[in-house]
Every structure is written in C-alpha cells, then in structure tokens.
Amino acid sequence: MTSPGARLRSAWSEQSPLQIVGTINAYTALLAERAGHRALYLSGAGVANASFGCPDLGITSLNDVCEDARRITGATDLPLLVDADTGWGGAFNIARSVRDLVRSGAAGAHIEDQVGQKRCGHRPNKAIVPLDEMLDRIKSAVDARTDEAFVVMARTDALASQGMEEALERARRCVEHGADAIFAEAVESLDQYRAFVEACAPSPVLANITEFGRTPLFTLEELRQAGVGLALYPLSAFRAMSRAAERVYAEIAQGGTQQPVVETMQTRDELYEVLGYHGYERKLDELFGKENT
C-alpha cells in the first residue's frame, strides 16, 4: 500500500476541492469513512477539547496529539492531516515532531506562524513570529520527514493582525521554502481566497470552513470557483455530538429517564455494524467454539 502522504496527495489530485473532515477519535473516523469521505483531520482544538477538556491554547503536547493520531490511523486507512500547532519548539523539536507524526501514521501536518503561546485562529489578539522564524519552521519540517510524500502544510495567521499583503507574502515564501500546501487562516471573502490561490500556485490552498468563526460557511462549489484545493471542516461533528450529549445528560438529570431522546440515538445494531462486531464474534466461535473443544 502507498504511504499515507501519497494517499493524501492522490486524493487532492483527484477531487478538488478535497473535503477533509475532522475526527476526534477512531470511531468518528470510521463514521466519516462510511459516509464516503476520502481524507480526515485531527484538530489541535479537538485534542485539547475532547481528549483533555482544556482550551486550544497550546496546552497539549506532541505526545498527546500522536496518541490520538495513532488511534485514528489504526482504525482506518484514510489519510489523516494533523494540526501540529507551532511544531512544539525550535528546529530540533519540529524535526522530532515530524518524525513522530510520520511514525503515528499521519499523512501530513500543518505548522503555523503564531508564537509558542498560541491562540485559536479565530480569536482576537493573535501574535505571530517573524517571517524568517516561520520559514525556519518549514525548512526544519521538510528536512525531517522520513516519508517524502508526507505533506508539510504552512499555516499563516497573519491576515488578522498584519493584513492581506503580509499574509500573501508569507504564503509565497513558505511555498518557496518547501511547503506543499498553504492554510490561510481566518479568511473572510472568496476574493481573498482567490488571491492566495494565485500567489501559491500550483500548491493547493486550504480553506478552513469552521463554524462560528470569521470565515463564512462557503459552499464547496463557491470554493471550487475560487480555486481552493482543500476544504476543511475541523470540528463540525464534534460540535453536533456535544450538543446531543448536553441534551441527553439534561434529560436524564431532569426527567429521570432517557426515553424522550432514545429516538435521536444510534442503535446498538448500528454501532455493531460500524465496528464489524459480529465478525469478531464469528472469529471467536471459530477459534474457541464448542466444535473446537
């Protein structure tokens, strides 16, 4: 089988924009695969929020992210793009991060130009590092990859604080220094996406279509017309799952029974189908059934 990075590159060459959906664990990865998606994403916010119950403020570590990545890539062969935040340190730290992510089965990672004490990309008061420091991050990542197809994506948060020209310059320079794709964060218009696409060609540009942020929820066709190559939906399922969980917990606490919300739940049979549960049981029967004793 081809490497995860090669599978991600193949997917974006065959489908444009390639939809990349966020998965917070192995089971949601299986659900995304059953829905027909070709690429998955592990969000840094997803790791922080779902696995550790903390905000996306650079609190989680490389090992935290790699553990979630290993669980997802162990459950599906779909290529997984991983949020590597700022790379967790200087040049040698970034090199280690890339090598560990490759070993975890990831297809690629994006590294951003925020300072180490980062913030959510759609929050105010973000601070970014000098351009030379960002280029060093990209060069370190490209040099360290042990799979040549592993995707090194450069994310710039410069638009919100430094303006469009600075963001475009950073994107261009990152491509010149080896970035395979560009993640332009907190973009507010299709014209801005068109400018990034023109500046970074032929490297694909990713649009982060996250809810409740600064970027409008552009349709796939709108993004296609703007030339965007990758469309990311980082936490859509997680937000819906969390609202459903709130409702169930409240119903049990207030009504004393889950009966009113049972119809909203995935059934036991549906769960077993996703997991291939009955196949496991048949294997147990073959190995340890009475006919073998």
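This is a predicted model: local features need pLDDT of at least 70, side-chain atom pairs count only at pLDDT 80 or more; totals for chains, interfaces and linings use all residues.
Residues are numbered from 1 along each chain as its sequence is written, and side-chain values use heavy atoms, with hydrogens and water left out.

**Stop 1: the helix pair**

Stay with α4 (residues 62–75) and α5 (residues 91–103), whose axes lie 10 Å apart at an angle of about 15°. Helices here are DSSP runs of H or I with at least four residues, strands are E runs with at least two, and both are numbered from the N terminus. Axes are lines fitted to C-alpha atoms, for helices over the stretch in contact, with angles running from 0 to 180 degrees between N-to-C directions. The two helices are therefore roughly parallel (under 35 degrees).

Now show the side chains of Leu62, Asn63, Val65 and Cys66 in α4, which meet Arg96, Ser97, Asp100 and Leu101 in α5 (contact means heavy atoms within 4.5 Å). Sorted by class, that contact has four nonpolar, two polar and two charged residues (Ala, Val, Leu, Ile, Met, Phe, Trp, Tyr, Cys and Pro are nonpolar; Asp, Glu, Lys and Arg charged; the others, Gly among them, polar).

**Stop 2: glycine 87**

Next, select glycine 87, in the loop between β3 (80–83) and α5. Glycine 87 is buried, at 0% relative accessible area (buried is under 20%, exposed over 50%, partly exposed in between, with a 1.4 Å probe and protein chains only). Beyond its neighbours within four places in sequence, glycine 87 touches Asn93, Ile94, Ser97 and Ile111.

**Stop 3: the aromatic pairs**

How many aromatic pairs does the structure hold? There are two (ring centres within 6.5 Å; planes under 30 degrees apart are stacked, over 60 edge-to-face, the rest tilted).

Tyrosine 193 and phenylalanine 218 have ring centres 6.2 Å apart and planes at 80°, so this pair is edge-to-face. Tyrosine 193 sits in α9 (residues 190–200), and phenylalanine 218 in the loop between β7 (205–208) and α10 (220–225).

Finally, select tyrosine 272 and tyrosine 277: with centres 4.0 Å apart and planes at 10°, the pair is stacked. Tyrosine 272 is buried at 17% relative accessible area, while tyrosine 277 is partly exposed at 32%.

Methods: Angles under 35 degrees count as roughly parallel, over 145 as roughly antiparallel, 65 to 115 as roughly perpendicular and the rest as oblique. Rings of Phe, Tyr and Trp (its six-membered ring) pair if their centres lie within 6.5 Å; planes under 30 degrees apart count as stacked, over 60 as edge-to-face and the rest as tilted.
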